[in-house]
Amino acid sequence: MTLWRIRATVDDRPGYLSVLTASLALRGVNILTVQVQPTEQGAVDDFLVDAPDALDEAGLVAAVERGRGRDCWVARSEARGLADQPTRVLGLANRLVRDPDATGEALRTLLGADSVTWRPASTGVDRGITDATMTLADPAGGSFALRRAAPAFTPAEYARAQALVELAATVARRAAEQVTLVLPDGAEVAVRPGCAHDLSGVVELHEACSARSRDRRYLGGAPLPQPARLRRLLEPGQGLTLVATTTGADGAAESVVAMANLLGEGDEAEVALLVRDDWQRRGLGSALLRRLVRHADAAGYAALVLHVQAENTPLLRTLRRLDRPSSVERDGALLTITFPLAVRTAAVRTGTVLTPGA
């Protein structure tokens with residue numbers, strides 16, 4: 001028996017696919033997998049089949065045409081073709097997470113393209129499918145052009161390929177935004193914007209923190225925030241969340257050791273920190289706070305606000321190191337500290353134009 005890939009268009013009408021499969025069965029062809037991709041011309045059926053050795057390409061095409069299939073394309077396949085499409089796509093996505101520069105090769109593998117070319121400009125380029133060419137927008141800039149003589153590309157393949165390109169761009173962007181901090185004691189931590197994929201690490205961070213550390217961060221309330229709340233903190237509608245991670249010396253998976261939140265509301269942003277107990281008093285909180293302040297300056301917020309327990313001496317000491325003017329309001333054991341930011345930056349945020357002498 002020999003493995004073949006068959007692609008053919010079938011009218012999207014009840015019973016037509018069964019006619020095609022029956023025609024193949026009469027020739028002793030065993031269908032191993034099938035994917036149906038809707039198009040304007042009909043349903044494109046992509047089969048992986050096991051056919052008798054005596055049956056050649058012409059015989060398969062004839063069987064498809066007798067089964068009311070058209071625009072038939074047939075090619076030999078290999079055992080690796082037995083992996084279903086979702087498994088192949090997930091494998092390629094995993095590869096791109098490790099190496100986003102392999103986007104071109106991943107696209108070629110995904111679609112069996114004859115060539116993949118990256119162009120530095122995406123403007124003026126028609127995205128989509130034209131004849132034997134597929135053009136994809138690269139969110140990082142530019143575009144990818146794929147060519148495949150046969151079979152013709154389908155809209156479903158375009159959607160898969162574009163999703164893969166966007167995944168690679170997201171991974172590359174996160175890598176570019178990541179920095180390595182060297183703390184005063186020589187320890188190194190990686191700091192980057194948080195995302196939904198950090199949820200499990202952030203949950204572990206909260207579980208590893210003492211009740212006192214969590215109480216200082218959340219000012220009482222629930223001892224352990226629910227995952228839904230942590231997910232909102234990781235991806236705020238307005239603002240930024242930073243996570244600090246370390247990787248074990250034995251190559252173990254990274255651990256989240258701190259989280260810093262900048263939650264915007266209008267022209268002000270609220271700041272909060274949570275640092276794992278064994279990483280406190282090592283300068284990590286100060287480094288994260290300074291990065292949030294710089295981001296708030298650049299984003300144009302008018303002020304930063306922190307709610308701090310009066311007994312939280314370590315955080316108050318960290319805030320003093322910012323060496324910025326501030327105002328303090330006290331309500332029992334709770335302090336509200338406000339740091340005004342540059343008026344010029346706030347004006348840019350709100351669209352105000354400042355003129356000399358104004």
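1. Let's start with a helix pair: Leu-20, Ser-23 and Leu-24 of H1 are in contact (heavy atoms within 4.5 Å) with Ala-63, Val-64 and Arg-66 of H2. By class, the residues of this contact are 4 nonpolar, 1 polar and 1 charged. H1 covers residues 16-26 and H2 residues 57-66, and they pack at about 145° with axes 8 Å apart. Axes here are lines fitted to C-alpha atoms, for helices over the stretch in contact, with angles from 0 to 180 degrees between N-to-C directions. Helices (H or I, at least four residues) and strands (E, at least two) are DSSP runs, numbered from the N terminus.

2. A word on the source: this is a predicted model, where local features need pLDDT of at least 70, side-chain atom pairs count only at pLDDT 80 or more, and totals for chains, interfaces and linings use all residues. Residues are numbered from 1 along each chain as its sequence is written, and side-chain values use heavy atoms, leaving out hydrogens and water.

3. Now the open sheet: its 4 strands are ordered E5-E8-E7-E6 with antiparallel pairing (strands pair if DSSP finds at least two bridges between them). At the edges are E5 (115-119) and E6 (128-130), each pairing on one side only. E7 (residues 133-137) and E8 (residues 143-147) are joined by 5 bridges, and Met-134 has Leu-146 in E8 as its bridge partner.

4. Two helices meet these strands. H4 (residues 103-111) lies across E5, E7 and E8, at about 35° to E8. H5 (residues 155-177) packs on the sheet and touches E6, E7 and E8; its direction makes about 35° with that of E7.

Technical notes:
Nonpolar A, V, L, I, M, F, W, Y, C, P; charged D, E, K, R; others polar.
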